[in-house]
Amino acid sequence: MNVIERIKAVLEAEAKAIQSVNVDESFESAVNTILACSGKVITTGIGKAGHIAHKFTATLCSTGTPSVFLHAAEAAHGDLVIVRENDVLIAFSTSGKSREVIEILELSRHLGVTPIIGITSHPDSELRDHCEYILDMGMPKEACPLELTPTSSIAVMLAISDAIAISVMESRSFTKEQWGLRHHGGYLGRAARTDNEPK
């Protein structure tokens, strides 16, 4: 195997998958739903998708939107208590068939959460039946030669979540000064505050 060529091929496959996403009105609806939320944004997922959901929560918090990650497995052991009627739930699942995630959607609906947003790929995804808005990932071909390891699909999921978070941030007119006030540690926080200090 030529390692350089393999790395290039993986990068090209993931970039192609991201560029193939069909951005329709559901994406705008998702942004508007988050902006209108009077509670918090709850993200959930399991496995690799769960990691992306967790990262999305971190990005939302960094850019001015209160958010919390709900682990799809831990929800069954008491963590579902964080869910409130005025929250927005965003579920991440490539297949949309993970039992833990579907269960959270069903229980959250029972608790009065609406609307629910789903980020998924498979056309027969059960997740689609539980969501008002679907951010469709398309059917990205995994960069893994076994076509099993989540690679291109996870790159698409991450890119979609970043696009939503940045669109929400800009819609809120969230400034560098506001960003700096909420990042009291780290290089980026210092850089944001330094840029806003009186000259």
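Residues are numbered from 1 along each chain as its sequence is written, and side-chain values use heavy atoms, with hydrogens and water left out. Because the model is predicted, local features need pLDDT of at least 70 and side-chain atom pairs count only at pLDDT 80 or more, whereas totals for chains, interfaces and linings use all residues.

Glu142 lies in the loop between β5 (133-136) and α5 (152-171), where helices (H or I, at least four residues) and strands (E, at least two) are DSSP runs numbered from the N terminus. Glu142 is buried but has no salt bridge, and the nearest side chain of opposite charge, that of Lys141, is 9.5 Å away. Here buried means under 20% relative accessible area, with a 1.4 Å probe and protein chains only, and a salt bridge is a side-chain nitrogen of Lys or Arg within 4 Å of a carboxyl oxygen of Asp or Glu.

| Partner of the Glu142 side chain | Distance |
|---|---|
| Ser153, side chain | 2.6 Å |

Helix α4 covers residues 99-110, and its end C-alpha atoms are 17 Å apart, which agrees with the 16 Å that its 12 residues should span at 1.5 Å a residue, the expected span being 1.5 Å times one less than the number of residues. Val101, Ile102, Ile104, Leu105 and Ser108 are buried in α4. Seen down the axis of α4, the buried residues fall within an arc of 155°, so they line one face of the helix, the arc being that of the directions from the helix axis to the C-beta atoms. After α4 comes Gly112, whose phi is positive, near 100°.

How values were computed: Buried means under 20% relative accessible area, exposed over 50%, partly exposed in between (1.4 Å probe, protein chains only). Lys and Arg count as positive and Asp and Glu as negative; His and the chain ends are not counted. A polar contact is a pair of N or O atoms within 3.5 Å; within protein, one must be able to donate a hydrogen and the other to accept it, and residues adjacent in sequence count only if both atoms are side-chain atoms.
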